[in-house]
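Welcome! Take a moment to look over the sequence and turn the model around before reading on.

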Amino acid sequence: MMIRASMRHYSASSPSCLESNSGTVEGVWVFHRHGDRTPCRPLCPESQLEAESAFWRTRKPAVGEQDADSAHESASASGSASASAYHKLNELYPASVHQNNNEQFLDVHREPFGFLTYRGMEQMKKTGERFRIRYDQYGHHQGSIKRLDEHEDQDHGQEASAAHRFLDFWDVRAFSTNYLRTVLSAQCFLDGLMGTDASPSLTNPDKSNSSSPHGHPHPHPHPHPHPHPHVEVHVRDRANDTLNAFDRNPDLMMDLVSDVVATPEFTKQDAAAAPLAARLAKFLPALSKKGQRLFGGPSGINWIYATDHFVCRQAHDLPFSKFSTHEDDVEAEHTMQAMAQPISSHLAWRFRQWYKSPPLLAAIAAPPLREIERQIRVTPYLLPDEKRPFVIYSCHDVTILSLLYGIGAEFLQDDEKGDWRFWPSYATTLVFELVRLDSGDERGSHVLRVLLNGNPIRLSPMVKRRQQMTQKEGNISPLMMTTKEFCDIIKDLEIAGGMHGKKIEVDDPTTKRDFSGWTG
């Protein structure tokens, strides 16, 4: 049973090349999910814990708890003799972690669980490479590329020169949630975007994880004396961090989720999934352990962990029953295969109910959307020789899903169709592009284009707006919106959730903030 996130529903019809690539891109705001990772939690019996841990350690780079703690304390750490992947990338793209984050990432004390894998590093680097190709072709600096290619900076070498070239035109900034896997994902994305090829030489025993014909990541051809870091990856003070509402406001978020869980509609549907949960817990008894539930509901298990079990094993060609007491039982494997899709569907349904709650959706999605709206609003007024914003936000599946609900992605609106079961896969990207169209005046007209994994998506508010527009008002595609229309979407979201004009204060700093059961 394959668990797939269908991509055919990003727009009602196949977008034309014009709608996907028209105009000149003058600003880029990227929200990306981290790359492939190991499971957040082991669900195996205690007798199998050592064996399962050993397996996942073969799938991840050497980033242990001690490495992560020292890296968190020193953004300029160059690494020891056994320098980790994090340390090596940190030389170029150091993490700048605000001191209020308790001097530790939220995910490092369960090693090897919840860590970025070799596959995840490769996914993020390749994603960064694709972005560099796109914006070299459609970015505001496209006319200058050829001239720079003809006068390559011989002092730095081709790879370093490519990074400097990109930074000559783009004001690149990067932000991450306080998880090592998101920080490392941002660093790998930057490595691909800048063309620095700084990823360390890592031996990967899984041939399917690499494009190398010998089954190992391509080794670094020669050392590069990088003269200085190019871009820092910022983990902000939780009071100013828009990416993780559960870290910033755990008490508020628990209250808002509990309000949804307590509704009769949620209780009835979640109770209907209780038999499915009970069957799975027979194979994975750790699912029903005390403390494993996620925000209640009569189904009685943590659906993030349950879905995680299937997704991670499928990604690494591991039988679903491996490291359980049923691993040699063919019938048990077939039974678990049959449960994979219903498990992931119920997880998507639960989050759908939460994100249909205006107060909950506004608390999660409005802050990051409002943050980029403020930046988008001023970008058209930058001087011709000023760098344009290129902002990277490294986050989680539930972050991106909330943003899609927040902007009214059309494919998520229909309860009858199955498209609402969409779940952001590893390395998913949600991009907001500020595009200048040639309108005859000096500054041109600017519109926003939203791309999900490279495909433009239709937004319900824009579809309705276009249907109401007269010919005199213009004929803008529903795949694009003006900056004012984007502002109006966010304002409506804030008003519906009771957040407009309000600033959310940080909750009690002593409250537990490791919500890895919420963030995938």
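**From the surface to the core**

The accessible surface of this protein comes to about 22,400 Å², and carbon and sulfur atoms account for 50% of it. Keep in mind as you look that the model is predicted. Its chain forms 18 helices and 9 strands. Of the 520 residues in the protein, 57% are buried.

Now let us step inside. In soluble globular proteins, nonpolar side chains tend to be buried together. Here the largest nonpolar core has 81 residues, and the members that touch the most others are F31, L404, F432 and F486. Helix α14, which spans residues 330–355, supplies the largest share of this core, with 11 residues. Apart from this core lies another one of 45 residues, including Y135, M194, V231 and V235.

Leaving out residues up to four places away in sequence, F432 touches G27, V28, W29 and F31, along with L369, I372, I407, R449, V450 and F486.

Finally, let us return to α14 and see how it meets a neighbour. Two packed helices are described by the angle between their axes and the distance between the axes. The axes of α14 and helix α16 (residues 397–406) come within 11 Å and cross at roughly 50°, so the two helices are oblique to each other. The crossing of α14 past α16 is right-handed. On the α14 side, the contact is made by F351, R352 and Y355, and on the α16 side by V398, L401, S402 and Y405.

Conventions:
Residues are numbered from 1 along each chain as its sequence is written. This is a predicted model: local features need pLDDT of at least 70, side-chain atom pairs count only at pLDDT 80 or more; totals for chains, interfaces and linings use all residues. Side-chain values use heavy atoms; hydrogens and water are left out. A nonpolar core is a set of buried Ala, Val, Leu, Ile, Met, Phe, Trp, Tyr and Cys residues joined through side-chain atoms within 4.5 Å. Buried means under 20% relative accessible area, exposed over 50%, partly exposed in between (1.4 Å probe, protein chains only). Helices (H or I, at least four residues) and strands (E, at least two) are DSSP runs, numbered from the N terminus. Contact means heavy atoms within 4.5 Å. Accessible areas come from the Shrake-Rupley method with a 1.4 Å probe; for residues, only the protein chains shown count as cover. Axes are lines fitted to C-alpha atoms, for helices over the stretch in contact, and angles run from 0 to 180 degrees between N-to-C directions. Angles under 35 degrees count as roughly parallel, over 145 as roughly antiparallel, 65 to 115 as roughly perpendicular and the rest as oblique. A crossing is left-handed if the near helix is turned anticlockwise from the far one by less than a right angle, and right-handed if clockwise.
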